[in-house]
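Q: Please take a close look at a single sheet here. Which strands build the sheet, and in what order?

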Amino acid sequence: MTTATIPTTTEKLTSKDFTSDQEVRWCPGCGDYSILKQVQTVMPELGIPRENIVFVSGIGCSSRFPYYMETFGMHSIHGRATAVASGLKVTRPDLSVWLVTGDGDALSIGGNHMIHLLRRNININILLFNNEIYGLTKGQYSPTSHIGQVTKSSPYGAIDHPFNPLALTLGAGATFIARSMDRDPVHLRGILKKANEHIGTSFVEIYQNCNVFNDGAFEVFTEKASKKEETLFMETGKPLIFGQNNEHGVKLDGFKPVIVNVADVSVNDLWIHDEREEMKATILTRFFDDPKKAGHLPRPFGVFYTEDRPTYESALTAQINDTIKAKGEGDLDTLLRGRESWTIN
Amino acid sequence: MTTPIEEITKQKTNKELKEVVILFAGDSGDGIQLTGTQFTNTNALFGNDISTFPNYPAEIRAPAGTLAGVSGFQVNFGSVNIYTAGDQSDVLVVMNAAALKASLRSLKKNGIIIANTSGFEPKNLELAKYPKGVNPLKDGSLEGYTVHEIDITKLTRACLENNSGLGVKEIDRSKNMFVLGFILWMYNRSMEPSLNYLKEQFKKRPELIETNTKVLKAGYNYGETTETFTTRYEVKAAPMPKGTYRSIMGNQATALGLISASKKAGLTLFYGTYPITPASDILHELAKHKNFGIKTFQAEDEIAAVCSAIGASFGGNLGITGSSGPGIALKGEAIGLAVMMELPLVVINVQRGGPSTGLPTKTEQADLMQAMYGRNGECPLIVLAASSPSDCFTMAFEACKLSLQHMTPVMLLTDGYIANGAEPWLYPKASDLPEIKVSFTTKKNSLKENGEGKVEKYLPYLRDEKLSRPWAIPGTKGLEHRVGGIEKEHETGNISYDPDNHEFMVKMRQAKVDKVADYIPEQKIDNGKEKGKILVLGWGSTYGSIKTAVIDCIAKGIDVSHAHVKYMNPLPKNLGSLLKKFDKVLMPEMNNGQFSRIIRDKFLIDAIGFDKIKGAPFTAGELSKKIEEINK
């Protein structure tokens, strides 16, 4: 038994080949439409046979996703897609497994499975649609809602401190974490491809607008007027710069990131992004200020961190192979006989 | 001229016995379970029929010397057929005062007590809560029993004092070998199997082979040379059916059944589980056999355990999860998902006392209703129950077979009693086990009109004669499809909120499970006549006790029969007519009357419930008494 790898194909497919015959039923204007489109666009470019692709989801608006993909798919139960996908990928390393989840599904009811999947590093691509609200249950606050957020279940404002999803996942031992947004198709497609290329669990947080229950939650990051000032698009090997004309930069003062004018410093003084530096990634995940706060840091997008670490399924296959080498392939008669037997004539 | 030792040996007499029950009891750190297991294996190898019942505290190391810390191992072996670990013991071996206090009531009148006197020091007596100044070995309260006092601790220490290089703690740990040696002598058994075990067990610490061997032999020789022991006992081999046997425990048998089924089905076995007493030994056993390609997955919780097994099933593997009642409760929603998606899934429940955490290490049969009805919505499962340690093998194999062939989850119920109990097993040859035919669908299975003519389509919920659906696994070109927990449209599997479709699908899933009755054996009478006055109807681990009691009552001339149900849902097709051939149906269960309620519900008969909810199996005596009572 060798570790099966995901096969490749040269068959030319289009996004249409990845569109199922089911009517898409998200609310008009939902950010999910754009994400679905980008995923369907990227799929043919991955060179993976369609039948080897599986989309697994839990419960929530985003979790209807598999029904719209013309691939194998499972719409499971709330919070458990991570566990279902784990069992699938561990037994079928030849499949490209994609997991679609939301902030409630992944971080609240399914929080436990999420952190354990990340530490095991099973080669699954997780797409977390974060809209900071419960949409399917019609508008309660979620574990990523901000303090004070007024929702149906928090009419006087939410008092729960929110999760910082990327700090959480990095802390759980993730080997690939990235952030993108529904309103930037080009960036999102790029990140989806990188997530696919990474061998191990890839965690992609996608800011997604719920125009019905939490409209405009991310508009300072996604809308033209403020996007350049409020976001920081990271690329390995390039300095962290942002602003209308890339006039701002970030540099490290000890462990503290500070904003500087690019014109005032030498390029060498700026923070050069390297997605393989864990310590720096830890700091980057903490660029999580309320954009209304004076002097806040911009919100980073792109790949924060990636590392190569053996996957759970490859370690398991190796262990099975080692055992077979040492003990020989299992023989049922020997097993049934056990250590000691006796015969009655 | 004979030496004094030969003289003594010559004077010892042999007495033949048909059946002996020994209860070993001591602190949970005393190695009681090992002594019991080794003695059991020796007798099994000798050819006795055997049944065992380990009984240990939930705490790993409860405070030494206390009543809470008493660990027991009961073994019944004989030259006759044995079906239970015995109601009461003939011999009670106690390592300390607490063990005596906790176990004395299960010793027969006139029984033999072997007591380790150094476990009866004032401190031990106080911990065992004897009144100040009272020592049961000295105060005459054990009159009527034959008491042998041996200072096992002292003798063990003396045996190893010069050359062992071990500390006192380690030396004391080998006193269970002294007990084993002595008991082997008492019952005329060879030390060979135990010596082999020590060699195997301590391969990496040869000094322990040497010391344990020394103590084992010292125990044996103590019986041989001490004048106090004048009688040795002999229990001849039992008249067992011809063939090759091994000793097997229930959880081990379950694991072997699962492995056999995966081999016979040609599928990878995936076992997703979370540690829980008394089910963990299934995981331990499976994890050892990675050379069978088995994938064991110790999940982060019970829900992840079952969901990972569902993921494995979706991928075309044999997905299995195992737990005990509390864990099964957590798995409920996910089991429903597998029912809804119609995927194979085997769920094993090694039942223990409940509710909540209940009695983790004690036995009960109180999860039958949970298995039958314990999920949201109309959610039928195939439910099977194993009746003895070796039957766990048969039913685990059967659970896999039915699940794979009917594309629906199966729950297998065992319990703490048979999971940890052992018996001789006439094990099968691999070639004697039936093949489990599994065929993945690789082609589209229907022609559908799409407005421009007929096109081939794959319908994931098209039914066959068993009402089960095709299984097309990821990687199969052209058969891409979606499954999920939301109600699905008949045949296409697309999401459907249509009210008529929902009712149709609920009834379809029920009919599919009911249809399994066509593929399982009819109910047989285990013992007694096919019709008559009393039928004792049991299920699960009560098998041995009921069998013993019914044999006993038939011998007394009572018109009584025994039937034991292993297919709990659906029930065998002939069960209703079988029940109606008896005037009275007695239903002993280790719960508050769960199966009797189901039988009353299904067949409208006035079944007489007989419940025991004490964390312990029925004794045959209790059952005989009840049978005699309703016979009046």
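A: Here is the sheet, strand by strand.

This is a predicted model, where local features need pLDDT of at least 70, side-chain atom pairs count only at pLDDT 80 or more, and totals for chains, interfaces and linings use all residues. Residues are numbered from 1 along each chain as its sequence is written, while chains are lettered from A and ligands numbered from 1 in the order in which they are written.

The sheet is open and has nine strands. Their order is β7(A)-β11(A)-β5(A)-β6(A)-β4(A)-β3(A)-β1(A)-β2(A)-β19(B), with mixed pairing. Strands (E, at least two residues) and helices (H or I, at least four) are DSSP runs, numbered from the N terminus. Two strands pair if DSSP finds at least two bridges between them.

β7 (231-233) of chain A and β19 (482-484) of chain B stand at the edges. Each has a single partner strand, so one side of each lacks a neighbour in the sheet. From one strand to the next, the twist averages 20 degrees. Angles run from 0 to 180 degrees between N-to-C directions, and axes are lines fitted to C-alpha atoms, for helices over the stretch in contact.

Now the pairings. β4 (residues 124-130) and β6 (residues 202-207) of chain A run parallel, joined by six bridges. Ile126(A) has Phe203(A) as its bridge partner in β6(A). β2(A) pairs with β19(B) over three bridges, also in the parallel sense. Opposite Gly73(A) stands Arg482(B) in β19(B).

α3 (residues 81-91) of chain A lies across β1 (53-57), β2 (72-75), β3 (96-102) and β4 of that chain. Helix α3(A) runs at about 175 degrees to β3(A). Contact requires C-beta atoms, placed from the backbone, to lie within 7 Å.

Note on methods
Two residues are in contact if their C-beta atoms, placed from the backbone, lie within 7 Å.
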